[in-house]
Amino acid sequence: MRTDSALGAVLAGGRGSRLGGGKAAVELGGRPLISYPLAAIAAAGLEAVVVTKPGEGLPSPRASSRPDSAHEQPSDSVRVLEEPEAPRHPLTGIVAALREGRPTVAVACDLPFVAPGLIELLAGAREPLVVSTLHGRPQPLLARYEPSLLPQLEAALAREEPLTRTVEALDPRLLGEDELARFGDPGRLLFNVNDRDDLHRAEALLR
């Protein structure tokens, strides 16, 4: 499976207000939260970029070359793409990444347990839009987007349309839990850290 043409974009443009702000830098297991999806993207063989708002503080070091390299000094070579200041919408980061002209595997920065194999599967897919699902609901912040979708996505962003509604209208290939289970428990793979309770649960899952 060739993944060298796809871009792995970690979306870090959200406020993270329920975590006190700066979600990407929140520590989980002694590492910045953003380091986990970056490590998974690297292990899947994709070039990684971080997409964030102008002036957002990112943790330094920002990335980890392997999922188990908590005590190494990671590389600072991950590119950062600045998305527009407004609107605060997940499509802002996805559109910014797609303007690089390459298929993009979008991964939210708060998904610490995403598996490299799942990212590799998304990167190698042939459909324009492939979206993970959990409990029958699309999870568009772990999905593959083709640049050919840019006009529709830009139009949806201009309307500030909910992202789930946008992807459902684009006839995506949906990865069901049976497919996700090849890479681990789907609930764990798609576990996202939104607040302090989630952070405590993630710490317990790490242990």
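A nonpolar core is a set of buried Ala, Val, Leu, Ile, Met, Phe, Trp, Tyr and Cys residues joined through side-chain atoms within 4.5 Å. With that in mind, welcome to this predicted model.

The largest such core has 33 residues, and Ile-34, Leu-46, Val-107, Leu-118, Ile-119 and Leu-142 have the most contacts inside it. At least two residues of this core come from each of α1 (35-43), β4 (47-52), β6, α3 and β7. Helix α3 gives the most, with five residues. A second, separate core holds 25 residues, including Val-49, Leu-81, Ala-97 and Ala-106.

Now to the sheet. Seven strands form an open sheet with mixed pairing, in the order β5-β4-β1-β6-β8-β7-β9. Strands β5 (79-82) and β9 (173-175) are the edges, each pairing on one side only. From one strand to the next, the twist averages 35°. Within the sheet, β1 (residues 7-11) and β6 (residues 104-108) pair in the parallel sense over five bridges, and Gly-8 has Val-105 as its bridge partner in β6. Helix α3 (residues 116-124) lies across β6, β7 (129-134), β8 (137-145) and β9, and runs at about 65° to β8.

A polar atom of the Thr-92 side chain lies 3.0 Å from the backbone oxygen of Pro-87. Leaving aside residues up to four places away in sequence, Thr-92 touches Lys-53, Glu-83, Pro-84, Pro-87 and Leu-157.

Charged pairs come next: the whole structure has 10 salt bridges. Here are some of them.

| Salt bridge | N to O distance |
|---|---|
| Glu-47 and Arg-102 | 2.7 Å |
| Glu-161 and Arg-159 | 3.1 Å |
| Arg-173 and Glu-179 | 3.1 Å |

Salt bridges with shared partners join Glu-47, Arg-79, Glu-100 and Arg-102 into one network. Glu-47 is partly exposed at 32% relative accessible area, and Arg-102 is partly exposed at 22%. In another pair, Glu-161 is buried at 13%, whereas Arg-159 is exposed at 52%.

Methods. Residues numbered from 1 in each chain as written. Predicted model: local features only at pLDDT ≥ 70, side-chain atom pairs only at ≥ 80, totals over all residues. Heavy atoms only, no water. Polar contact = N/O pair within 3.5 Å; in protein donor to acceptor, adjacent residues only side chain to side chain. Contact = heavy atoms within 4.5 Å. Pairing = 2+ DSSP bridges. Helix = DSSP H or I, 4+ residues; strand = E, 2+ residues; numbered from the N terminus. Axes fitted to C-alpha atoms, helices over the stretch in contact; angles between N-to-C directions. Buried < 20%, exposed > 50% of the residue type's maximum accessible area, 1.4 Å probe, protein only. Salt bridge = Lys/Arg side-chain N within 4 Å of Asp/Glu carboxyl O.
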